[in-house]
Amino acid sequence: FLPGSRPVAQNTSTQPALSWNIVGRGAIGLLAASRLQLAGYKPGLWLHQPAIVDIQFQQQPLQFLSATPPLQAVLIPVKSYAVFDAVKTLQPFLTEDAQLVLSHNGMGTIPEVLPLLLPTQGLWFLTTTHGALKQQDAILHTGNGHSVLAPLNAAASRHTTAVAQAMDIALGPLAVAADIEPFLWQKLAINAVINPLTALHNCKNGALAQPQYQQQIKAILHEVCQVATAAGYPLQPALVQQNVMQVIERTAENFSSMQQDVVHQRRTETNAISGFIVAQAARFNIAVPHNSQLQQQLLQLQQRYCR
Ligand code: PAF
């Protein structure tokens, strides 16, 4: 299996199934909600305004009701910059032993969120390679993937079986890891290349396989690997580059989330991707001009339409 992780155990435990809720109506969240509902769970949607949401998933009409507090288990697949506010808003509606699962691109949210929780409330991170696209009232599963889940505090570890089994259905096949950080650094390397370059050049992921991008990709990844290694998570540039090129090939026909954010004039996740690398590099006195330039370019671009 993935190094540092193990597959989900079969259901032999006496831990009761949790009652799940999903924050927002993003593509990954609705994919997870659909798969949970088809497996017999009844996930509620936590939305800004209570609403009934009707969608089509794999030719099946599905209906989701608003989440009803108190909330026992919540998947939070929102953008990195929205995570803190989402958890703060949820907190008064959570049970004392609620289990929360974060899932987003980029890094830096975990230390912000942990202090918002009671010692009895569990926090998890799930990183996924699934791709989904929302089209009007339909949710398309555009890329079959897998996910890695890890507990972030002691209160999470006590509920491993129940959380892992639901997340295996929602976004599996799932592996459970003790430490999410190595997986987040690997994903960060992928996002540090694909997201800013496709957003700035307004292209599909596959365009980045062209020779003109190879020098820049190599330079970006060299910096990411230096910083990850200084942070205690060694990454080898050649292996990481190979992995990034595989993702570019596998998702060649997709538009990245950041390209979509720019096209739809939404805030991007640059501060949690290139910006996180820049911030970590400063801690270790490492120069990261390529990542820094990408962050600056993205901030300038989004300033033209974001207030
Ligand atoms: O953000 C995204 O779009 C995805 O994480 C990835 C892997 C770059 C594929 O498009």
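This is a predicted model: local features need pLDDT of at least 70, side-chain atom pairs count only at pLDDT 80 or more; totals for chains, interfaces and linings use all residues.
1. The shell around the ligand is made up of Asn105, Ile190, Asn191, Ile194, Asn195, Asn205, Val247, Thr251, Asn254, Ser256 and Ser257. Sorted by class, this shell holds eight polar residues and three nonpolar ones, while charged residues are absent from it. Helix 6, which spans residues 181-201, supplies the largest share of the shell, namely four residues.

2. Cys203 sits in the loop that joins helix 6 to helix 7 (214-230). This residue counts as partly exposed because 16 other C-beta atoms lie within 10 Å, and a residue would need 20 or more of them to be buried, or 12 or fewer to be exposed. Between the C-alpha atoms of Cys203 and Leu123, which are 80 residues apart along the chain, the separation is 36 Å.

3. Four strands form an open sheet in the order 5-4-10-9, and their pairing is mixed. Its edges are strand 5 (60-64) and strand 9 (131-135), each of which pairs on one side only. On average, and with direction ignored, neighbouring strands of this sheet are turned by 30 degrees against each other.

4. Within this sheet, strand 4 (residues 53-57) pairs with strand 5 in the antiparallel sense, over five bridges. Gln56 has Pro61, in strand 5, as its bridge partner.

5. Helix 1, covering residues 27-38, lies across strand 4, strand 5, strand 9 and strand 10 (138-143), and the helix runs at about 95 degrees to strand 9.

Terms used: Residues are numbered from 1 along each chain as its sequence is written. A residue is near a molecule or strand if its C-beta atom, placed from the backbone, lies within 6 Å of it. Helices (H or I, at least four residues) and strands (E, at least two) are DSSP runs, numbered from the N terminus. Ala, Val, Leu, Ile, Met, Phe, Trp, Tyr, Cys and Pro count as nonpolar, Asp, Glu, Lys and Arg as charged, and the others, Gly among them, as polar. Two strands pair if DSSP finds at least two bridges between them. Axes are lines fitted to C-alpha atoms, for helices over the stretch in contact, and angles run from 0 to 180 degrees between N-to-C directions. Two residues are in contact if their C-beta atoms, placed from the backbone, lie within 7 Å.
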